[in-house]
Amino acid sequence: MKISVITVCYNSEENIATCLDSYASQTYSDKEHIVIDGASTDRTLSIVQRYRPERLVSERDKGLYYALNKGVTFATGDVVCFLHSDDVFGSPNVLENIATIFEKYNTDSVYADLQYVSKNDISYVVRNWHSGKFTQNGLRRGWMPPHPSFFVKKSVYERYGLFDTRYKIAADYDIMMRFLGKYRISTAYCPIVAVKMRVGGASNRSLKNIILKTKEDFLIARANNIGGLFTVVCKNFRKLNQFCAK
């Protein structure tokens, strides 16, 4: 089972090397790394070139979700996942463990856990996202897996579509609700920390972004017949417990 890891970057010279090192350290051998660079103007491209990913594209695009769609299109693996330029895998055997779950359960997707870590010290955990059990009712009550820890067969993207670029900040939530809720693809839980994500993501960067994300979350829940305002409120309250967990 070949796994395609997609990294999107733009002017990411500060952290891109740790991301690339994390991919290179994976013990699983049947993998490929696809890097989509948005025509960076700093040293990002020269750093990436030293690592010689299986595919590197550097050109202007229309934003994150356009770039992610481009990466999925280029992927030649059976399974697709995303490792953003500021992030690292939780351990060297993440892909190996994920592949084992795919093969064991013959499933369309696998999800795992995620840790938010300090921007300057990835050993310092700010927030633990323990995914736990998936149920359809859970979706209506605001449950969702962390998108960077959501591994999906490419055939699912081919069947049900790519990221909906009409959403500016929550298209990742839409694609998970579309796959898991609307089309009810099969999934299985792998209880490991798949990704460590540095804090400071776009969705929580400003009050304006928080309001936009909340609005898009509501529209996504309605569009995928998951729920509505109650779903979005529960989704936000679920985060509080993650900050308390150690």
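Hi everyone, and thanks for coming. A quick word on ground rules: this is a predicted model, where local features need pLDDT of at least 70, side-chain atom pairs count only at pLDDT 80 or more, and totals for chains, interfaces and linings use all residues. Residues are numbered from 1 along each chain as its sequence is written, and side-chain values use heavy atoms, with hydrogens and water left out.

Let's start with the salt bridges. The structure holds 7 of them, a salt bridge being a side-chain nitrogen of Lys or Arg within 4 Å of a carboxyl oxygen of Asp or Glu. Please look at Asp-217 in helix α8; helices here are DSSP runs of H or I with at least four residues, strands are runs of E with at least two, and both are numbered from the N terminus. For Lys-235 and Asp-217, the closest N and O atoms are 3.0 Å apart.

Is Asp-217 buried or exposed? Asp-217 counts as buried, at 1% relative accessibility, where buried means under 20% relative accessible area, exposed over 50%, and partly exposed in between, with a 1.4 Å probe and protein chains only. Lys-213 is buried too, at 11%, and Lys-235 is also buried.

Another salt bridge joins Glu-13 and Arg-43, at 3.4 Å between the closest N and O atoms. Glu-13 is in the loop between β1 and α1, while Arg-43 is in the loop between β2 and α2, 30 residues away. Glu-13 is partly exposed at 32%, and so is Arg-43 at 48%.

Now for the rings. A pair of aromatic rings is described by the distance of the centres and the angle of the planes. Rings of Phe, Tyr and Trp (its six-membered ring) pair if their centres lie within 6.5 Å; planes under 30 degrees apart are stacked, over 60 edge-to-face, and the rest tilted. The count comes to 7 aromatic pairs. In one of them, Tyr-111 and Trp-143 have centres 5.3 Å apart and planes at 75°, so they are edge-to-face. Tyr-111 is in strand β6 and Trp-143 is in the loop between α5 and β8, 32 residues apart. Both of these residues are buried.

Then there is Tyr-157 with Phe-179, also edge-to-face, at 5.3 Å and 85°. This pair ties together parts 22 residues apart, because Tyr-157 is in helix α6 and Phe-179 in helix α7. Tyr-157 and Phe-179 are both buried. Tyr-111 and Trp-143 also belong to one aromatic cluster with Phe-134 and Tyr-189.

Finally, some backbone angles. Which phi value does Ala-39 have? Phi is near 65°, positive in a residue other than glycine. Ala-39 lies in the loop between β2 and α2 and is partly exposed at 26%. Arg-52, likewise not a glycine, has a positive phi of about 50°; Arg-52 is in the loop between α2 and β3 and is exposed at 73%.
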